[in-house]
Amino acid sequence: MTKTTTTIPISDIILDEDIYPRARIDQKRVGIFAENMRDGFKFDPIEVQAHPDVTGKYRILDGVHRWSAYKATGVTEPEVIIKNLDGVDPLLYAAKKAIGPQQLTEEEARKTARRAFQNNPSLTSSEIGKAIGRSRQAVDSYIADLRAATQMELDLKIFRMNQLKIPQERIAKRLGQARETIRNHLAKMPELANQPKADLSRGFTVAQVAEKHGWTEPMVWSLSLEGKDDLERFKELGWGLRTWDLWDWNDCDRRFGDDWPGRIPAQLIAHILYYFSRQKDLVFDPMGGGGVTPDVCLAFNRGCWSLDMIDRPDARPEIEPYYWDLKGDFKKGRKTSGFFNSKQKPDLIIIDPPYFDKKRDDYAQKSISMLPRQEYLEFFEGFFGLMKQHSKKTTKLAFINADWRDFQNKPAVDEDREASILIDDYLRILNKTGWQHTHIIQAPMSTQRFSAGVVSAMQKKRILGVTSRYVIVLKQCGPFP
Ligand SMILES: C[S@@+](CC[C@H](N)C(=O)[O-])C[C@H]1O[C@@H](n2cnc3c(N)ncnc32)[C@H](O)[C@@H]1O
């Protein structure tokens, strides 16, 4: 912990309620301090830290009464110590300072303990207790309900990741827990499922059970469909199975995946799983996005490892953060995801990338949809090669994409082939990188996204739009890694 003593304008010093352990400022005390100041009494400097959210401002760690008295007496540049807490919790630091002159009231201690735990659930009761001047047992009682909820959240994350066959060491790393903790939680898993299972057998719906126990619907489906074959699963989910190679749905099934740019219909993933994998197989989705693939894998008893450049540790712990940077890390040979160190290889890889140029503003800054045409294609050449390196001989690949033609404002006859990316461009790259296609399935996008006005304008200008989308399924051809 470092400190610097200096003076700063009083207007740059802020009282941040988030790290103030007291219920209110004691005005009587402020009055006494102000009187002492006027009499020339010198006080210790106020302790502050750079405000994490407001540039150029400082928030008070210790000395709120002195600060109030300085303001009352017209001091414009008080002496302060600027602290760097080096990771120490600022609320607990402030509490420890506050109890020097006067203990916290019962209510203040309780609220501070709860806030500290909510900010950082890895704090122990004795760490909190030492800072707020209370025993470990007292803190235990203040935060018992919060701790139980945190434990339950952790249990559910572990349950979900374990159902998806993510290895224990990766679960531990992802959740910031020791492997021992994960093992202990896993031992409780069968018990954890008892209540939801009992409710299902009493006739509650999957949605009701999910709501009641705070589970996600796909997790409850994974219980409710236990022991069923894939066809029965389709039936229970209310999805008709397509027998031919035209898979068309107008809507995404909202029970699976999150609202996400480029969200794919869950039924599409289910069909890929049905035709090209078996129960207990391991699926890999390197650009998992809103999580449709892991959700459907839960319902169809497949393992699923997924990655994405967007990290959502709370909502989607099963989607591990990873940025495919073929120019940077991969060129340098650095592959930091646990996926690359695993001996286990996927049975099926499902790639649903951002389509070229489409929705580029909806994705994050460094998404591959921002790449110029040539680089986008080069990305895939490297990427498909990598997928092959990390596959086994029998691994299948399902690549979802659409033709990209520059049809905006251009009659069909004037489109420039050199500027477009068609499915055969991907096929060429796939074949070059050792993948041979076995199926090209049509899975058209909905036309509902075009308004009647747009359609009429397109028709007048002889513009030919794109709604076709394909699932290209491939097996490997030599040389094998
Ligand atoms: C079409 S979305 C996937 C949608 C997903 N199948 C779903 O239905 O929710 C493509 C994903 O690729 C991710 N992505 C784009 N470029 C990436 C990169 N270089 N590395 C990792 N993820 C990337 C985006 O963040 C986005 O979530």
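1. Lysine 165 is partly exposed, at a relative accessible area of 32%. Its place is in the loop between α6 and α7 (168-175). Look at the backbone here: phi of lysine 165 is near 65°, a positive value in a residue other than glycine. Most residues other than glycine have a negative phi. Keep in mind that this is a predicted model.

2. Lysine 280 also has a positive phi, near 75°. This lysine sits in the loop between α13 (266-276) and β6 (282-285). Is lysine 280 buried or exposed? At 63% relative accessibility, lysine 280 counts as exposed, because the cut-off for that class is over 50%.

3. Now the ligand. How many residues surround the ligand? The count is 23, and the closest are Trp260, Ile264, Gly290, Asp308 and Asp352. By type, the shell holds 14 nonpolar, 6 polar and 3 charged residues.

4. Aspartate 352 brings a polar side-chain atom to 2.7 Å from a ligand nitrogen. Glycine 290 uses its backbone: an N or O atom there lies 2.8 Å from an oxygen atom of the ligand. Isoleucine 368 uses its backbone too, with an N or O atom 3.1 Å from a nitrogen atom of the ligand. On its own, the ligand has 600 Å² of accessible area, and the protein covers 99% of that.

5. Turn to charge pairs. The structure holds 37 salt bridges. One of them joins aspartate 140 and arginine 136, with N to O at 3.5 Å. Where do these two residues sit relative to each other? Both belong to helix α6 (residues 136-163), and because they are 4 residues apart, about one helical turn separates them. Aspartate 140 is partly exposed, with a relative accessible area of 25%. Arginine 136 is partly exposed as well, at 44%.

6. Arginine 254 and aspartate 259 form another salt bridge, and their closest N and O atoms are 2.8 Å apart. Both residues are exposed.

7. The pair of arginine 417 and aspartate 425 has a salt bridge at 3.1 Å, N to O. Aspartate 425 is buried, with a relative accessible area of 6%.

8. Arg160, Asp258, Asp295, Arg312, Arg316 and Glu318 are linked in a network of salt bridges. Trace these side chains in the view above.

9. Helix α2 (residues 64-73) is worth a look. It is mostly covered, with 7 of its 10 residues buried. Which residues of α2 are buried? They are Val64, His65, Arg66, Trp67, Ser68, Ala69 and Tyr70. What do these buried residues pack against? Their partners are β2 (13-14), α1 (27-38), β3 (46-50) and β4 (58-62).

10. Finally, check the end of that helix. Just after α2, glycine 74 takes a positive phi of about 80°. Lysine 165 and lysine 280, by contrast, have positive phi values as residues other than glycine.

Terms used:
Residues are numbered from 1 along each chain as its sequence is written. This is a predicted model: local features need pLDDT of at least 70, side-chain atom pairs count only at pLDDT 80 or more; totals for chains, interfaces and linings use all residues. Side-chain values use heavy atoms; hydrogens and water are left out. A salt bridge is a side-chain nitrogen of Lys or Arg within 4 Å of a carboxyl oxygen of Asp or Glu. Buried means under 20% relative accessible area, exposed over 50%, partly exposed in between (1.4 Å probe, protein chains only). A residue is near a molecule or strand if one of its heavy atoms lies within 4 Å of it. A polar contact is a pair of N or O atoms within 3.5 Å; within protein, one must be able to donate a hydrogen and the other to accept it, and residues adjacent in sequence count only if both atoms are side-chain atoms. Accessible areas come from the Shrake-Rupley method with a 1.4 Å probe; for residues, only the protein chains shown count as cover. Ala, Val, Leu, Ile, Met, Phe, Trp, Tyr, Cys and Pro count as nonpolar, Asp, Glu, Lys and Arg as charged, and the others, Gly among them, as polar. Contact means heavy atoms within 4.5 Å.
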